[in-house]
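Biologist: I'd like to learn how to read a protein model, one feature at a time. Could you walk me through it?

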Amino acid sequence: TEDHLRHIESLATFPSGAGKISHLRATNLGECLSSEEHDLVFPTPEFSDKALVPSTEKYLEMYRRSVRDPAGFWGDIAAEFYWKEKWDCEKVCSENLDVRKGTVEIEWFKGGKTNICFNALDRIVDNGDGDKVALYWEGNVPGLDDKLTYKELLDKVCQLSNYLKDVGVKKGDAVVIYLPMLAELPISMLACARIGAVHSVVFAGFSAESLAQRIIDCKPNVVITCNAVLRGDKPILLKNIVDQAITQSADNGVSVDLCLTYENQSAMKKEATKWQADRDIWWQDVVPKYPNTCLVEWVDAEDPLFLLYTSGSTGKPKGVLHTTGGYMVYAATTFKYAFDYKPSDVYWCTADCGWITGHSYVSYGPLLNGASVVIFEGAPNYPDSGRCWDIVDKYNVTIFYTAPTLVRSLMREKNEYVTRYSRKSLRVLGSVGEPINPSAWRWFYNIVGDSRCPISDTWWQTETGGFMITPLPGSWPQKPGSATFPFFGVQPVIVDEKGNEIEGECSGYLCVKNSWPGAFRTLYGDHDRYETTYFKPFPGYYFSGDGCSRDGDGYYWLTGRVDDVINVSGHRIGTAEVESALVLHPQCVEAAVVGVEHEVKGQGIYAFVTLVDGVTYSEELRKSLILSVRNQIGAFAAPDKIHWAPGLPKTRSGKIMRRILRKIASRQLEELGDISTLADPAVVDQLIALSDC
Ligand code: PRX
């Protein structure tokens, strides 16, 4: 810890210059957009003066305490929340991250009794903010909107909680939620939390097959969905997808008794919805009849709050399990500091609640701070590429948090789509999901933020529950493309292949050497996989799966996944999952999937496929292979390129040499390296010849 602190403290030697803002260059955009990667971009003195953490010195003071005295640091923060019973004071945290010393186990605030829904709603109402807007809902079609105050949101959550209890949902039961970005999605999450049920939200872009897989894993009695949603002009019939998934689950011995279906009138009338009367029920027919008060189920800090499935390097998605107390404290605190949250802010995060970003930074983190949150049902380019800025102006959004892929897709359009809107309300921007390339950073900063708003480039993961490495706006200069420094209480380390920590300027594997309150506690039903994936590769540390470098000033630069996971538009996809989906196609015998650079998506999916003997590759077959992936996983995982591969480069022991495939996919043919160890080196030429097929 002391070494780590010395290292972090080296950042106190920043070139002094806060206030002499390098972004003044933005008066000459051309120059700024092409300037050096390692530019320092200082927060304005006006921003820093009012910031929660106004200087590097203040950060260091807080950071020092957070790692030297985690119990004191986190205990003080946790005390700002409501606890029915306090945790064991001695043991704010107990952890073993070292597999060599026994089972990996992490506990925070054990013995404390609380409820995250109570803290996110009742506590805010009790503090006198019941009339403050909690959710501004913006529909897909401009002009269709709604809002709920904290009091109204609490009422709705209580009605659903009462209904769920009435149909038999108890503490510890799983509830699967398959909803688009309607207010009913956070309402459902909060209602589960209120009664101690464990929610498993499945992103509504996943296919019936993926939904079934998740239902089978956690065996809920109740699934919550809606009839349909509009994506642009196109209705997506979500209820039909749920019907298929429930049928598939039943075939696998898991039956769902109740499908609570919200009627999303803007997308489809209820009469047009397929219905199974003994199982399906309309939300609007039952939920509003229930009382709008509901007693809270007090749960232990270590009782499970939610499951969220994410991709790994095998075909089977991992059920990441988060518990209540630590997650609550961490989601709220990271939100507050990384966005420099003030009660007057209006906050908009473009993520869907189907992903971790939507859990921690659409629902829990902001609501626990009493924030006004915009949620958006639609697509950012509908009806045109100015929609985001239209929404920013409409609600006077002050904090705007999004993914680099959206930034890149919008920066390809004319700047006029941005500049025709005022955006004066904006004060902090945020980025998440993948490394933001410096040119996208600069466009976001200069054009969207008018060279005035710091960007919090937040590095974290489904597993970490909240931000791990992130700027604290106002505290230190930023470097376009760097997530900068660790959040309070997080001790990142960079290790080499042997697991030795590397000091100073270096590159390697990003690990964390202590636990933090928001850390996931296990993979649902598979603690062995938890240990093997995250704690065995580098014993003594949590291994993130990411590569990282640290520059001479101590800034962290994330360089992408080092495992068989690719990051497409900020969505994490296992290459093995896509391969399994491809080989399910009757005409495909083998598939190898690699990630390639993609201008907008960050990474694209490039699939090499070997066909059944005698089958010829055709445009029709290409389409049906892609359809197989859409059906198995979801449209967002559809390969960008299918490359017909009569043979794959394999070693004599039969292992596919992905390194070579990556080079072929990215056309770096002069960098193929040694191919002499291949069982049949001739396949390489054959593949190159078929590249444009
Ligand atoms: O590779 C990192 C990348 O996204 C992965 C985590 O994906 P997921 O669990 O789906 O969570 C996404 C939202 C937190 C990481 O392992 N990643 C996420 N944020 C960043 C990032 N890479 C670089 N910079 C980031 N800010």
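Modeller: Let's begin with helix axes: an axis here is a line fitted to C-alpha atoms, for helices over the stretch in contact, and the angle between two of them runs from 0 to 180 degrees between N-to-C directions. Keep in mind that this is a predicted model. Now take helix α6 (residues 116-129) and α13: their axes come within 8 Å and cross at roughly 60 degrees.

Biologist: Are α6 and α13 parallel, perpendicular or oblique to each other?

Modeller: Angles of 65 to 115 degrees count as roughly perpendicular and those under 35 as roughly parallel. At roughly 60 degrees, α6 and α13 are therefore oblique to each other. Their crossing is left-handed.

Biologist: Which residues of α6 and α13 meet there?

Modeller: From α6 you have Ile116, Asn119 and Ala120, and they meet Tyr364, Leu367 and Leu368 in α13. Sort the residues of that contact and you get five nonpolar, one polar and no charged.

Biologist: Can we try another pair, α9 and α10? What angle do they pack at?

Modeller: Helix α9 (residues 208-218) packs against helix α10 (residues 238-251) at an angle of about 50 degrees, and their axes are 8 Å apart. So α9 and α10 are oblique to each other. This time α9 passes α10 in a right-handed crossing.

Biologist: And which residues make the contact of α9 with α10?

Modeller: On the α9 side it's Ala208, Leu211, Ala212, Ile215 and Ile216, while α10 brings Ile241, Val242, Gln244, Ala245, Gln248 and Ser249. By type, the residues of this contact are eight nonpolar, three polar and no charged.

Biologist: What about α15 and α17, at what angle do they pack?

Modeller: Helix α15 (residues 404-411) and helix α17 (residues 438-448) pack at about 75 degrees, and their axes lie 10 Å apart. That makes α15 roughly perpendicular to α17. In α15, Pro404, Val407, Arg408 and Met411 meet Ala440, Trp443 and Phe444 of α17. Six of the contact's residues are nonpolar, none is polar and one is charged.

Biologist: Now the backbone. What should I look for there?

Modeller: Look for exceptions, since most residues other than glycine have a negative phi, and most peptide bonds are trans. Here, Tyr382 and Pro383 are joined by a cis peptide bond, with omega about 0 degrees. Pro383 sits in the loop between β17 (372-376) and α14 (387-395).

Biologist: Where is Asp450 placed, and is its phi positive or negative?

Modeller: Asp450 is in the loop between α17 and β20. Its phi is positive, about 50 degrees, although Asp450 is not a glycine.

Biologist: Last one: which domains does UniProt place on the chain?

Modeller: Its unreviewed entry puts "Acetyl-coenzyme A synthetase N-terminal" at residues 59-120. That stretch is 39% helix and 16% strand, and its end C-alpha atoms are 26 Å apart. UniProt also places "AMP-dependent synthetase/ligase" at residues 129-515, a span that is 30% helix and 23% strand, with end C-alpha atoms 34 Å apart. Finally, "AMP-binding enzyme C-terminal" covers residues 577-655 in the UniProt annotation. For residues 577-655 the figures are 27% helix and 32% strand, and the end C-alpha atoms lie 18 Å apart.

Conventions:
Residues are numbered from 1 along each chain as its sequence is written. This is a predicted model: local features need pLDDT of at least 70, side-chain atom pairs count only at pLDDT 80 or more; totals for chains, interfaces and linings use all residues. Helices (H or I, at least four residues) and strands (E, at least two) are DSSP runs, numbered from the N terminus. Angles under 35 degrees count as roughly parallel, over 145 as roughly antiparallel, 65 to 115 as roughly perpendicular and the rest as oblique. Two residues are in contact if their C-beta atoms, placed from the backbone, lie within 7 Å. Ala, Val, Leu, Ile, Met, Phe, Trp, Tyr, Cys and Pro count as nonpolar, Asp, Glu, Lys and Arg as charged, and the others, Gly among them, as polar. UniProt positions are given in the numbering used here, feature names are shortened, and annotations may be inferred rather than shown by experiment. A crossing is left-handed if the near helix is turned anticlockwise from the far one by less than a right angle, and right-handed if clockwise.
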